[in-house]
Amino acid sequence: MTSIKGKVVWITGASSGIGEELAYQLAQKGAILILSARRMEKLNQVRDRCRAEHNAQAVVYPLDMTDLEAIDEAVSYLLSKFSHIDILINNAGFGHTQSFLDYDIKKAENMFQVNVLGLMYLSQLVGKNMRQFEKGHIVNVASVAGKVATPKSAVYSASKFAVTGFTNALRMELKPHNIKVTAINPGPVDTAFFDEFDPSGEYLDNVSSVVLTSEYVVNKTIRAIETNKREINLPKRLAVGSKIHTIAPAFGDFFIRTAFNKK
Ligand SMILES: NC(=O)c1ccc[n+]([C@@H]2O[C@H](COP(=O)([O-])OP(=O)(O)OC[C@H]3O[C@@H](n4cnc5c(N)ncnc54)[C@H](OP(=O)(O)O)[C@@H]3O)[C@@H](O)[C@H]2O)c1
């Protein structure tokens, strides 16, 4: 079991939801935190709480994941301060629910920049640092939507399928360098994600029986890091559903069309 204490952990999307909760639980475990997202004020609040409640070492580095140059600069600056990143948690991301034929393709471009390209580029730059030290752990927050697609989430699902494929390939490539790679695949989690995903709030109500808290997801995520899990799929019911979908896709499509068309 790997200890988190004293490890340098970089969390993207640390200003809210799962990323914010990761900061608190990792601070409690004694991690040294780098907190990134766009909203500086929110990040400062998260950092201050990590310091006040857990006496944690935490720094804020504002970063827009659509800006590849800014990612470059962030990595150079942070490596000059910390020399090695032990754990990178690629968590920044967002989604929308909308019928694809009515979906603005510019929004799709933006989503792929954040959810996929930014994540890939940061993994590449930090991965090179980890390779130098022959150790490290990259954790990608994908989604159950990256294992089973649902109607009215074509673009979000596609972005998360991309993260899943990338993560699976990266795990094999980096194994000889002693770099671990883990995918976190939650179902719906009650966070600000849904303010943008479905402003009507109907979807969250409709799937309330499987909605998770960020505290629960983060607890399982940290356990997956400590025990070097390949991936985790939450909750169990959706994990089983995704396995059934792989074995019987036509039946799976029928079920999903009925159950998830409530968006
Ligand atoms: N909630 C769910 O149901 C659910 C389920 C499965 C997977 N996930 C995944 O979990 C991750 C975290 O989501 P969440 O539920 O915690 O949602 P959230 O509360 O909305 O948090 C999203 C985070 O991503 C950051 N972000 C968004 N766009 C960014 C950009 N251009 N550059 C940098 N940071 C950006 C946001 O920070 P700023 O706005 O300050 O930049 C925020 O910190 C996402 O990847 C999401 O796809 C969520």
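**Exercise 1. Describe the setting of Lys220: which helix holds Lys220, and is Lys220 buried, exposed or partly exposed?**

Solution. Lys220 belongs to helix H8, residues 214-226, where a helix is a DSSP run of H or I with at least four residues, numbered from the N terminus. Residues are numbered from 1 along each chain as its sequence is written. The model is predicted, so that local features need pLDDT of at least 70, side-chain atom pairs count only at pLDDT 80 or more, and totals for chains, interfaces and linings use all residues.

Next, count neighbours: a residue is buried with 20 or more other C-beta atoms within 10 Å of its own, exposed with 12 or fewer, and partly exposed in between, the C-beta atoms being placed from the backbone. Lys220 has 18 C-beta neighbours inside 10 Å and therefore counts as partly exposed.

Finally, leaving aside neighbours within four places in sequence, Lys220 is in contact (C-beta atoms, placed from the backbone, within 7 Å) with Ile232 and Leu234.

**Exercise 2. Find which residues have the most contacts inside the largest nonpolar core.**

Solution. A nonpolar core is a set of buried Ala, Val, Leu, Ile, Met, Phe, Trp, Tyr and Cys residues joined through C-beta atoms within 7 Å. The largest one has 53 residues, and Ile11, Ala23, Leu33, Leu35 and Leu88 have the most contacts inside it. Taking Ala23 as an example, and not counting residues up to four places away in sequence, we find that Ala23 touches Ile11, Ala14, Leu33, Leu35, Val46 and Cys50. Apart from this core lies another, of 7 residues, including Val144 and Leu238.

Terms used: Two residues are in contact if their C-beta atoms, placed from the backbone, lie within 7 Å. Helices (H or I, at least four residues) and strands (E, at least two) are DSSP runs, numbered from the N terminus.
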